[in-house]
Amino acid sequence: MNLSEQMESTRKEIGRLLQGIDRYNPTHITKWEKYVELQAESGGYDFDANLAVLKLYQFNQSLFQVPIATTILLKAMMSLPSMDFHMCKSVIPEHWYKDENISNVMYLADLLETCYFKRFWDELPTFRELVGTVSGFEKAIIKYVCQVVSITFQTIDQAHLSELLPNDVDFDKIFAAEGWRRLPDGNIFISNKEEVLSKPKKVVEQLDMDTVLPILCKSR
């Protein structure tokens, strides 16, 4: 069974636990933790299961495992700009924020959320051992940075764009994936924000008979 198949099989098993009273049963903690490790290795992601693990730690603090909590935070960071990271952080007891690994993950997340992308990439080699345990980490962060660029710029100078992405990024692949293109003046075309904003939206409202009938009766 390959990693993808293992991930899918375990997801179904954990999903059944999530639906019942075993969701917060500490006797299953080892099974939950192995599922977190499988996500890190396979590239899969299960936010609900990961949050359940952190809540188990919250209610049973003697079970708390820093490596598992760190992995969960890294996986949540990879889902930016969703609120997953903040939801996971909120259930970790604050005294664990002083742990070096957890503190470092929070620092990296803060750089990303405040758009200090150049500093993030400059400092990332320092944390290579920390983030290297999670498959696809850099690829997910590049995707997040591209999302921010897409909603911020219509055009951008390539030198500026280079500062927002890692040094070894393949720009041709990025442009193809994001639909960006080089302009004759050397800038990069991202999107026409004015065109998007000026495009009218068609709003369709559907009313059922239970809503319409009283109105019709009153108008007679």
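Asp 122 forms a salt bridge with Lys 118, and their closest N and O atoms are 3.0 Å apart. A salt bridge here is a side-chain nitrogen of Lys or Arg within 4 Å of a carboxyl oxygen of Asp or Glu. The structure holds five salt bridges. This is a predicted model, in which local features need pLDDT of at least 70, side-chain atom pairs count only at pLDDT 80 or more, and totals for chains, interfaces and linings use all residues. Residues are numbered from 1 along each chain as its sequence is written, and side-chain values use heavy atoms, with hydrogens and water left out.

**Overall build**

- The protein has 13 helices and three strands. Both are DSSP runs numbered from the N terminus: helices are H or I with at least four residues, strands are E with at least two.
- Of the 220 residues in the protein, 39% are buried. Buried means under 20% relative accessible area, exposed means over 50%, and partly exposed lies in between (1.4 Å probe, protein chains only).
- Among contacts with a separation of 6 or more, 63% join residues 24 or more positions apart. A contact means heavy atoms within 4.5 Å.
- The accessible surface comes to about 13,500 Å², and carbon and sulfur atoms hold 52% of that surface. Accessible areas come from the Shrake-Rupley method with a 1.4 Å probe; for residues, only the protein chains shown count as cover.

- Asp 122 and Lys 118 both sit in helix α7 (residues 117–123). They are four residues apart, so about one helical turn separates them.
- Asp 122 is partly exposed, at 48% relative accessible area.
- Lys 118 is also partly exposed, at 40%.

**A salt bridge between two helices**

- The side chains of Glu 138 and Arg 128 meet in a salt bridge, at 2.3 Å from N to O.
- This pair links distant parts of the chain: Glu 138 lies in helix α9 (residues 137–152) and Arg 128 in helix α8 (residues 128–131), ten residues apart.
- Glu 138 is partly exposed, with a relative accessible area of 25%. For Arg 128, also partly exposed, the value is 38%.

**A salt bridge between helix and strand**

- Asp 172 pairs with Arg 182 in a salt bridge, where the closest N and O atoms are 3.4 Å apart.
- Here too the pair links distant parts of the chain: Asp 172 belongs to helix α11 (residues 171–178), Arg 182 to strand β2 (residues 181–182), ten residues apart.
- Asp 172 counts as exposed, at 54% relative accessibility. Arg 182 is partly exposed, at 44%.
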